[in-house]
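Please read the points below with the model open beside you, and find each residue in the view as it comes up. They go from the chain as a whole to a few single residues.

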Amino acid sequence: MKKIEAIIKPFKMDDVREALADIDITGMTVSEVKGFGRQKGHTELYRGAEYMVDFLPKVKIELVVKKEYVDRCIEAIMKTAQTGKIGDGKIFVTSVERVIRIRTGEEDGEAV
């Protein structure tokens, strides 16, 4: 089992969700997060004063899938979330030792 975490631009969320649904990925957790990478925030004007916005709004998608689905998930996320501009985000893939469905007690592949 693998956990895929993708940090993407908020306006790309619906496209990514649909692309994952097209490859039969239906379960995911989505969080609104803030952060920055190389773009290091930006400046904005408010009532005539300029101020620095350090953390930019992003969406974090988390999904746990069987190993054989990882490449398909990454491809779907990359294809739909990519704008070619700075701040498109990142994808992290980590190993998951155990998954348990609380309601039924099913484990690993059956629990996802």
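1. The chain has two helices and six strands, and it should be kept in mind throughout that this is a predicted model.

2. Of the 112 residues in the chain, 29% are buried. The chain exposes about 7,900 Å² of surface, and 49% of that area is supplied by carbon and sulfur atoms. When the contacts with a separation of 6 or more are considered, 69% of them are accounted for by residues 24 or more positions apart.

3. Where does Lys9 lie, and is Lys9 buried or exposed? Lys9 is found in the loop between strand 1, residues 2–8, and helix 1, and Lys9 counts as buried because its relative accessible area is 15%, where the cut-off is under 20%. Leaving aside residues up to four places away in sequence, Lys9 touches Lys58, Thr83, Lys85, Ile86, Gly87 and Asp88, so when you select Lys9 in the view, please display these partners together with it.

4. Which residues form the patch of negative charge on the surface? Asp14, Asp15, Glu18, Asp22 and Asp24 gather there. Asp14, one of these residues, belongs to helix 1, which covers residues 13–22, and with a relative accessibility of 48% Asp14 is classed as partly exposed, because the label "exposed" is kept for values over 50%.

5. Asp24, also a member of the negative patch, is placed in the loop between helix 1 and strand 2, the latter being residues 29–35. Asp24 has a relative accessible area of 64% and is therefore exposed.

Definitions and conventions
Residues numbered from 1 in each chain as written. Predicted model: local features only at pLDDT ≥ 70, side-chain atom pairs only at ≥ 80, totals over all residues. Heavy atoms only, no water. Patch = residues over 30% accessible without salt bridge, like charges linked within 9 Å, V, L, I, M, F, W, Y side chains within 5 Å. Areas by Shrake-Rupley, 256 points an atom, 1.4 Å probe, with all protein chains shown as cover. Salt bridge = Lys/Arg side-chain N within 4 Å of Asp/Glu carboxyl O. Lys, Arg positive; Asp, Glu negative; His and termini not counted. Charge placed at Lys NZ, Arg CZ, Asp CG, Glu CD. Helix = DSSP H or I, 4+ residues; strand = E, 2+ residues; numbered from the N terminus. Buried < 20%, exposed > 50% of the residue type's maximum accessible area, 1.4 Å probe, protein only. Contact = heavy atoms within 4.5 Å.
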